[in-house]
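My plan is to look things up bit by bit and jot down what turns up.

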Amino acid sequence: MITLQFIPYAEIEQLGTAKRIKKLLDLVKDNKIVLLEGRLKKEEEAELIKRTMEEINDHFKGIELSVIYPSDKDSAAFFQFFQKFRKRFISLLLGDRQGFTIIGPANIVKEIKRDPEQIQLLTDDEYLRRKLGGSRK
């Protein structure tokens, strides 16, 4: 069984960087795939990766992380300018709530494929079979 845990941005908004990263990393280490509303700051993503590298051991193989962010590729250049301005204004007021971040344990999430419109999450079926103790064929 795979557990997906949705984290609304409001739940991490008031946390400092260290507590945000700890919360996300603890969930992933508990073999949950985290769906985070919005995205982490670039510095927070780098710190999450650094902390992950420090905690890799026989039981925790690391994380897979991907961000899906709405694009303006179909908009005219004039519209893109206003769209970017609007997004930055909203981000300043409300935080970086646009898009989604997916973080999963590397022993379960084999690969995350993305384009601006969708994410495909490929899981390691062999690991899940071993974990569940079954022998699906």
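Predicted model: local features only at pLDDT ≥ 70, side-chain atom pairs only at ≥ 80, totals over all residues.

**Entry 1: aromatic rings**

I searched the whole structure for aromatic pairs and got one. For this search, rings of Phe, Tyr and Trp (its six-membered ring) pair if their centres lie within 6.5 Å; planes under 30 degrees apart count as stacked, over 60 as edge-to-face and the rest as tilted. The pair is F6 with F100: the ring centres sit 6.2 Å apart and the planes make 50 degrees, so I noted it as tilted. F6 belongs to strand β1 and F100 to strand β4, so the pair ties together parts that are 94 residues apart in sequence.

I checked how covered the two residues are. My scale is relative accessible area: buried is under 20%, exposed is over 50%, and partly exposed is in between (1.4 Å probe, protein chains only). F6 has 43% and counts as partly exposed. F100, at 38%, is partly exposed as well.

**Entry 2: what I'm working with**

Residues are numbered from 1 along each chain as its sequence is written, and side-chain values use heavy atoms, with hydrogens and water left out.

I count helices and strands as DSSP runs, numbered from the N terminus (helices are H or I with at least four residues, strands are E with at least two). The chain has five helices and six strands. Reading from the N terminus, I get β-α-α-β-α-β-α-β-β-β-α. Of the 137 residues in the chain, 31% are buried.

**Entry 3: the sheet**

In what order do the four strands of the open sheet come? I read β1-β2-β4-β3, with mixed pairing. Two strands pair here if DSSP finds at least two bridges between them. The edges are β1 (3–7) and β3 (63–68), each of which pairs on one side only. From one strand to the next, the twist averages 15 degrees.

Next I went through some of the pairings. β1 and β2 run parallel and are joined by five bridges. β2 (residues 32–37) and β4 (residues 100–105) are antiparallel, with four bridges.

For angles, I use axes fitted to C-alpha atoms (for helices over the stretch in contact), and the values run from 0 to 180 degrees between N-to-C directions. Helix α2 (residues 17–29) lies across β1, β2, β3 and β4, at about 145 degrees to β2. Helix α3 (residues 42–55) packs on the sheet too and touches β3 and β4, making about 165 degrees with the direction of β3.

Is R20 buried or exposed? It counts as buried, because its relative accessibility is 6%. R20 is in helix α2. Its side chain reaches the backbone oxygen of I12 at 3.0 Å (a polar contact is a pair of N or O atoms within 3.5 Å; within protein, one must be able to donate a hydrogen and the other to accept it, and residues adjacent in sequence count only if both atoms are side-chain atoms).

I listed contacts next, meaning heavy atoms within 4.5 Å. Beyond its neighbours within four places in sequence, R20 contacts Y9, I12, E13, L15 and E44. E44 sits in helix α3 and is buried at 2%. With neighbours within four places left out, E44 contacts T17, R20 and I21.

**Entry 4: the core**

A nonpolar core means a set of buried Ala, Val, Leu, Ile, Met, Phe, Trp, Tyr and Cys residues joined through side-chain atoms within 4.5 Å. The largest one has 14 residues, and V34, L36, L48, I63 and I103 touch the most other members. Its largest share, five residues, comes from α2. I found another core apart from it, of seven residues, including I108 and L128.

Last stop: N31 has a positive phi of about 60 degrees, although it isn't a glycine. N31 is in the loop between α2 and β2, and it is partly exposed at 22%.
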